[in-house]
Amino acid sequence: MALFKKRAAGKPGEWYYCLEHKKVEEGPDCPAKDRFGPYASRQEAERAMATAAERNADWETDPRWHDRPEEPPRG
């Protein structure tokens, strides 16, 4: 009996963005560690990297997530 060989079963209509192949796939075809999703549409999956960048920027600039006070500007 092979352990951890089970392939993730995808459902039609679920879209993923593969980080390794840098492409959108309906499925999933690739392991969970290499993908974002599921998304409801192909268009949402195509924007996966832009969405992640926007969310990261929101998080990085959210004052509620900073544990230490801002450093004064240098100059």
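**Notebook: cysteines, a helix and a core**

I began with Cys30, which counts as buried because its relative accessibility is 10%. A reminder to myself: this is a predicted model.

Next I looked for disulfides. I took the cut-off of 2.5 Å between cysteine sulfur atoms, and the count came to zero. Cys18 is in no disulfide, and the nearest cysteine sulfur, that of Cys30, lies 3.4 Å away.

Then I turned to helix H2, residues 48-60. With 13 residues at 1.5 Å a residue, H2 should span 18 Å, and I found its end C-alpha atoms 18 Å apart, so the two agree. Which residues of H2 are buried? I noted Ala48, Thr51 and Ala52. They cover an arc of only 100° around the axis, so they sit on the same side of H2. I also looked up what covers these buried residues: strand E1 (15-18), strand E3 (35-39) and helix H1 (42-46) are among the elements that do.

My last stop was the largest nonpolar core. Its six residues are Trp15, Tyr17, Val24, Tyr39, Ala45 and Ala48. I picked out Val24 and listed its contacts, leaving aside residues up to four places away in sequence. Val24 touches Trp15, Tyr16, Tyr17, Arg42, Ala45 and Glu46.

Note on methods
Residues numbered from 1 in each chain as written. Predicted model: local features only at pLDDT ≥ 70, side-chain atom pairs only at ≥ 80, totals over all residues. Heavy atoms only, no water. Buried < 20%, exposed > 50% of the residue type's maximum accessible area, 1.4 Å probe, protein only. Helix = DSSP H or I, 4+ residues; strand = E, 2+ residues; numbered from the N terminus. Expected span 1.5 Å × (residues − 1). Arc of directions from axis to C-beta. Contact = heavy atoms within 4.5 Å. Core = buried A, V, L, I, M, F, W, Y, C linked by side-chain atoms within 4.5 Å.
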